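Please open the structure in a viewer and keep the selection tool at hand.

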Amino acid sequence: MRETRKDRTLKRPNFLSVTILQCMKTDSIQNRTARALGNLAMEPESCGDIHSAGAVPLLIESLTACQDSQCLQSVVRALRNLADSPQHRLALAQQGAVRPLAELLAAAPDPALTLALVRALLELSRGCSRACAEQLSLGGGLGPLVSLASHPKKAVREAAILILANLCAQGLVRPALGNAGGVEVLLGELQRRRGPSGAGPASQQPLVRAVCLLCREAINRARLRDAGGLELLMGLLRDPRASAWHPRVVAALVGFLYDTGALGRLQALGLVPLLAGQLCGEAGDEEEEGKEAASWDFPEEQTPERVKAGSFRSLRSWLISEGYAAGPGDISPDWSPERCPLPLPPEPAQPASPARPARGPALVRTPRGRSPAAPEEPWGREGPALLLLSRFSQAPDPSGALVTGPALCGLLAYVTGAPGPPSPRALRILARLTCNPSCLEAFVRSYGAALLRAWLVLGVAPDDWPTLRARPLSLRSQHRELGEMLLQNLTVQAESPFGVGALTHLLLSGSPEDRVACAVTLPFICRKPSLWRRLLLDQGGLRLLLSALTRPAPHPLFFFFAADSLSCLQGLMSPTMSPALPPATPSDLDPPSPCLYEPLLGPAPTPAPDLHFLLDSGLQLPAQRAASSAASPFFRALLAGSFAEAQMDLVPLRGLSPSAAWPILHHLHGCRGCGAALGPIPPPGQALLGSEAEEALEAAGRFLLPGLEEELEEAVGSIHLGPQGGPESVGEVFRLGRPRLAAHCARWTLGPGQCPRKRALALVGLVEAAGEEAGPLTEALLAVVMGVEVGNKGPRLGC
């Protein structure tokens, strides 16, 4: 495309200024020319023309030749305006524009020139290139920049700090930057900006990035740790406003993976639950760093290519950059920092290179040209957090940090809720914890074993209780298999001599909370009858669990755990018991027996009634005196004794409604199972207290009719504890205060075929119904667990 006359007109001042700059070396003319070029460079099109005209080398030459401060300021300003894009900044650095600026800054110029220099260096260091970092370091600019970070003038101070932050993007300059005091400067500034009177998150972002990059070299990690950097990084992780930076911060903390002192400090500051919470969090919007930002601890081993994220290759790159491996051939996909699950066949010994120092853990080598024995392990955004958690889990006693409610919940939420297959490292962490004898007591105290069973085996997470939430069922069988494996690991620990001693100590000498937690957990991890019988029956663990139901819940899922524990214990007591069949509904019962009372109700009753009962409502019900007297000692004394009613043909029955009196009249005349007992029973969902069913039950007891009481209780159970009833009906039935119904409620709650969630809701209803009178509930649950009838003497339990 031909150049137009207008284009040539626009370019003419640029070429003229370049020509003057080249030919006229007088400071005053150089000053004016540089000022003109700086003004022209403020237009993007003109800026490109100036670069094309070759003005940059001439301006750089002026920097070294000119002695006048005003002229130098104009030249520096021109270079700053020419750095208007990444391409132009890179071109300036490659042509050597940064080093003379750094040298001028190191020469302690006057305040005006200092301001111009730091402004120019700030512009040139945006997206800092390798050439820019090298020249600034070689020009001796790091020390002056660190000194200027405490300059009294705000513009100079902030520009110097941002230049230091930009330089951290290049690994080659970070060690020298740390030696010059840059770590303390950046850390202190970030702490100041995060203070009560500090700036907003936008101004903190470059400093957070710089501090995280400084964690990639060992010397800077030591400086950062001594200057309070660990506390600052932990503060960022706790701050919800900094959530976009959390993945970057966690990745920075991976640098302390083998720093035992730093790990201990991080653990004391509460890193583990924060890491567990990061597993299922949303990814931040931070950009990935290029290969130039890799650690400079071993610069000769930098990887030449950018690795693909989200796979084993990114982990391999990190291991090489951090010096844990000398090259790609040193690492097998089977390797992880804590273990090698699938060892490879031995290979011929290879002589070690004398120039290669030993670094990091021993790695498994994969012979070149041979396919790896195992698939690549995924390395997603949760990889750094899992790597740190795995490192914590390798401690001799990781229970204090990892076997806690928040940490376990984070791991289980990741394992069951990851969008894809979870990382095998998370599964190894859980397996390692459950296999560590030092963690057994922590699993018991924190209800960890109960949580594993509820979440993995039964599929009920804390968020599912008490309101059920829909969750995918595609991986339920895999989760159940994992949960059973982890519980089996705990069983092995619990039934060892050490575990028996630990559990016995917890149950007998622990705090009240620990004793309850132990009683709840024992049915999940003890399978030896001699062990669980001794701890739960002889030493009072079962009584302790039942008595804890009426106290404030020590855990959000306590009632779910307790109901599941009692059901498991019932299964241990009666291992051959088949799942309970659902209670029969009235339509499923045997055909009703013939009614013997109906013949008295027709227009021509046979036999003719010789007695009528008068209700409070005025209704008169026919009856046979002989049949009524024979049915109950109460009516025998009333109708055939010395009372006045023995001579009356209309006998009043006080306090009875027609519906409550109906089953009584049927029972007095010999009806058994005719269906009359179902009449006063309200449908499920309606209250039983104050209903005609309660009235009928009270009257049956008052009139000494135990058979009718039993028949009415069976009718209540068949309707309210049948398929049409639900967990909310259990508490309603229990409120009637009938021992047989209480036992029926306990059997419904702890039945082996019951849904675990409904079982827990029913137990909550029973506890609420029992109120302060917990004795009947305790005895009913105890009888069902022990497999004895209410009223019978069961096995003697410890107090």
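Predicted model: local features only at pLDDT ≥ 70, side-chain atom pairs only at ≥ 80, totals over all residues.

**Whole chain**

Residues are numbered from 1 along each chain as its sequence is written, and side-chain values use heavy atoms, with hydrogens and water left out.

Colour by accessibility next: of the 799 residues in the protein chain, 51% are buried (under 20% relative accessible area, with exposed over 50% and partly exposed in between; 1.4 Å probe, protein chains only). Among contacts (heavy atoms within 4.5 Å) with a separation of 6 or more, 71% join residues 24 or more positions apart.

**Stop 1: serine 85**

Select serine 85, in the loop between helix H5 (69-82) and helix H6 (86-94). Is serine 85 buried or exposed? Its relative accessible area is 15%, so serine 85 is buried.

**Stop 2**

Now select the three strands of the open sheet, whose order is E2-E1-E3, with mixed pairing; two strands pair if DSSP finds at least two bridges between them. Strand E2 (620-623) and strand E3 (650-652) are the edge strands, each pairing on one side only. On average, neighbouring strands of this sheet are turned by 30° against each other, direction ignored.

Focus on strand E1 (residues 611-614), which pairs with E2 in the antiparallel sense over 4 bridges. Within this pair, histidine 612 stands opposite proline 622 in E2. Then show helix H35 (residues 658-668), which packs on the sheet and touches E1 and E2. The direction of H35 makes about 15° with that of E2; axes are lines fitted to C-alpha atoms, for helices over the stretch in contact, and angles run from 0 to 180 degrees between N-to-C directions.

**Stop 3: helices H38 and H40**

Finally, select helix H38 (residues 727-734) and helix H40 (residues 756-770), whose axes come within 7 Å and cross at roughly 25°. H38 and H40 are therefore roughly parallel to each other (angles under 35 degrees). To inspect the contact, display residues including Val730 and Phe734 of H38 and Leu761 and Leu766 of H40.

Methods:
Helix = DSSP H or I, 4+ residues; strand = E, 2+ residues; numbered from the N terminus. Parallel < 35°, antiparallel > 145°, perpendicular 65-115°, else oblique.
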